[in-house]
Amino acid sequence: MTRYWAAIFLIVSGLGGAQALAEDYPTRTITMIVPFAVGGPADITGRIVADIFSRRLGRSVVVENVNGAGGTIGAQRVARATPDGYTILFGHMSTNALAPAFYPKLGYDPQKDFEPVGLAAEYPELLVVRKDFPAKNLREFVAYAKANADKLNVGHAGVGSISYIGCLLLNSAIGIKPTLVPFTGTAPVLNAMLAGEIDYECDPVLGTLSQVQTGAVRALAIAARHRSPMLPEVPTSHEQGLGEFDIAVKYAVFAPAGTPKPVIDKLAAALDAGLEEDAVRKRLAELGANSIEPARRGPRPLAELVKSEAARLIPILQAAANK
């Protein structure tokens, strides 16, 4: 009986300590790791989210870009951080669901080493080609790619990056295996395409929006069921008969496993409230993001999303990468 009451005391004490932590949190600066290069879609969106946390939680949030290995270097750093809510990750489905498809010796388990906080933004991907590429639409692209696969160069921001995954899915749907050329980020890929060194890339709307709008590159398809309000003239992959090419970059916030639930709940509530702000919604829409409905926010929907995306895409991506 003594042990029983001792156990009850420890449980109650732990709950009280966690509640006190939640009430006090945060008491100092929070570091948010963005595991990709400065200036890319992840960085731009991550800074919007960092600003939400800073305003809603009343503490500075420092964004630190830790680039490399498709975002897994930065993700691993957060996975190994102290689980107290002061080091968090602004990742996406590649870093936190799909990385095992490309990194068999990954230094963390995406589904066990993180606590999901919430989905923040979703950007459909675009198939973008150099300005003088022969194909004028997706059907023509498929025909040309099948006939010239060994001559094509595809730019991406590293194995496991969103641009790598997007075009791997596209290439798998078409049945081709062109040359994949790695770069250190979205901007270098785009520069190479402008120089005529890269034939095509797959990236979020945000990544190439201004260049598409000015005609420096051409967008042939958006990998979604619905057109983007930012590029309404670009038809979807489904409209053009290639529904298998359907992928959106889903950016989300994660904390190290073991972070107290009250802290996770406080972060999730801050993010949820910020995503309801008119200014934030307007800014994300201007960048080409889909709105995240309230039912899709929060820790539980994000955990379910990580599991479903891993189950849906890992087999396809592994097969495409190993062809």
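1. A cavity is, on a 1 Å grid over the protein atoms alone, a set of points where a 1.4 Å probe fits but cannot get out, and its lining residues have an atom within 4 Å of a point. Grid points are joined across faces, edges and corners, and a volume is the space filled by probe spheres set on the points.

2. This is a predicted model, in which local features need pLDDT of at least 70, side-chain atom pairs count only at pLDDT 80 or more, and totals for chains, interfaces and linings use all residues. Residues are numbered from 1 along each chain as its sequence is written, and side-chain values use heavy atoms, with hydrogens and water left out.

3. Two cavities of 30 Å³ or more are present. The largest cavity has a volume of about 90 Å³. Of the 13 residues lining the largest cavity, Met93, Leu98, Ile247, Ala248 and Val249 are the closest to its centre. Helix H4 (93–98), helix H6 (162–174), strand S9 (248–256) and helix H11 (299–321) each contribute at least two lining residues; helices (H or I, at least four residues) and strands (E, at least two) are DSSP runs, numbered from the N terminus.

4. Strand S7 (residues 200–204) is largely enclosed by the rest of the structure, because five of its five residues are buried (under 20% relative accessible area, 1.4 Å probe, protein chains only). Strand S4 (residues 114–130) pairs with S7 in the antiparallel sense over five bridges (pairing requires at least two DSSP bridges between the strands). Valine 128 stands opposite glutamate 201 in S7.

5. The buried residues of H2 include Pro41, Ile48, Phe53 and Leu57. Just after H2, glycine 58 adopts a positive phi of about 75°.

Conventions. Buried < 20%, exposed > 50% of the residue type's maximum accessible area, 1.4 Å probe, protein only. 1 Å grid on protein atoms, 1.4 Å probe; cavity = no way out; pocket = protein on both sides within 12 Å on 5 of 7 lines; lining within 4 Å.
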